[in-house]
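Subject: Structure handover

Hello,

Here is the structure I said I would pass on. Please keep it open while you read the notes below.

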Amino acid sequence: MDLRNKECIEVVVTSIFPSGQDNLLFELQLPDQGILPPYEAGAHIDVYLKNGIVRQYSLCGPSFNKNCYQICVLLNNKSSGGSIAMHKEIKVGQRLSISRPRNNFALPPAEKYFFFAGGIGITPIVVLAEAAYNIGIDFELHYYVAHIDKKALSGRLNTLELEKKVFFHDGSLGDTLLSELPCCLYDIRQKGAIIACGPNGFMKHLKDTACKIGWQPEQFYSEQFSNDGLITNAEKGSFAVQVASTGETFQINHDQTIAQVLSGKGLKVDLSCEQGMCGACLTKVISGVPDHCDVVQSDEEKELNNYMTICCSRAKSDLLVLDL
Ligand code: FES
């Protein structure tokens, strides 16, 4: 694994225990049990696994716990190996390299939050809901699971503070987002925010349906941990990138990424997932039109073309000038 430009923290796995069927909750601490870098609700870390696998996991521990991170990992046997490695190979006492927390999913300003979690998507949502509770903003949380046994972080959701605002939807009983939209969404609030995390199809259906009944696309906030939009080499064209601070211009061939070319020329480039999912490489665009391939920015942010992920996104224009 190339860890250039990756600011890593070494932690020890101090406990692993189940949190609903097929989910494991990992606790991570510094070797000296010191204070870990702070994070806001919605933040995630990258976990560097062997064979160069990097995975993003939301920090889902209670905010008061300053010397322990918690991540909850769903075992997905169809995945490319990250969750399998976490479930089968990581043991208590083992050391792991992680990134500093990064937050692409902070609470936006709103008068009421409508939280939606699908499956393991509950991990950032529970922390965001606790944050909303702590700052006194009204919310509802709808948590969809395939079966009630799969509920993760049940203890946290069952606390007195949250219990009246949390609604479980058990897919095995036919209670799914597809079957019925919760009535709270028909209470369209100009200053409300719909905040969702879950499978891509779950979030697409939620956004499409909410927009059909009158919500605005910019009221929808989501986080994805898979990127179906990555383009293959066959689809790529070449273009040029100019570094604004020096005026140097570099050609990006079809088989190169902007990040590869710039770091090859000695420029410092922050990288982590290299798949458009973590936000580490978001770079300000001064001119030119990016061809966005990330899932970090919302559709609305992508339309503005203010930032782009240089690990995977490309260009629709011949030249991009980047604020580097
Ligand atoms: S390195 Fe993760 S989005 Fe670019």
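This is a predicted model: local features need pLDDT of at least 70, side-chain atom pairs count only at pLDDT 80 or more; totals for chains, interfaces and linings use all residues.

Residues are numbered from 1 along each chain as its sequence is written, and side-chain values use heavy atoms, with hydrogens and water left out.

Overall
The protein has seven helices and 18 strands. Helices (H or I, at least four residues) and strands (E, at least two) are DSSP runs, numbered from the N terminus. The radius of gyration, taken over C-alpha atoms, is 20 Å, close to the 20 Å from the globule rule (2.2 Å times the number of residues to the power 0.38) for 324 residues, so the protein is as compact as a globular protein of that length. Along the principal axes, its C-alpha atoms fill a box of roughly 60 × 50 × 35 Å. Of the 324 residues, 50% are buried; buried means under 20% relative accessible area, exposed over 50%, and partly exposed in between (1.4 Å probe, protein chains only). Among contacts (heavy atoms within 4.5 Å) between residues at least 6 apart in sequence, 68% join residues at least 24 apart.

The parallel sheet
Two strands count as paired if DSSP finds at least two bridges between them. Angles run from 0 to 180 degrees between N-to-C directions, and axes are lines fitted to C-alpha atoms, for helices over the stretch in contact.

Strands S7 (112-118) and S10 (192-197) are joined by six bridges; Ala117 has Cys197 in S10 as its bridge partner.

The cores
A nonpolar core is a set of buried Ala, Val, Leu, Ile, Met, Phe, Trp, Tyr and Cys residues joined through side-chain atoms within 4.5 Å. The largest one has 29 residues, and those touching the most other members include Tyr113, Phe115 and Leu141. S7, H2, S8 and S10 each supply at least two residues of this core, and H2 gives the most, with eight. Leaving aside residues up to four places away in sequence, Leu141 touches several residues, among them Phe115, Ile122, Ile125 and Phe167. A second, separate core of 23 residues includes Val47, Leu49, Leu59 and Ile98.

The mixed sheet
Another open sheet of five strands runs in the order S13-S12-S18-S14-S16, with mixed pairing. Its edge strands, S13 (249-252) and S16 (307-309), have a single partner strand each, so one side of each has no neighbour in the sheet. The twist averages 40° from one strand to the next. S12 (239-243) and S18 (319-322) pair in the parallel sense over four bridges, and Gln242 has Val321 in S18 as its bridge partner.

Lys164 is in the loop between helix H4 (160-163) and S9. Lys164 counts as exposed because its relative accessibility is 70%.

Regards
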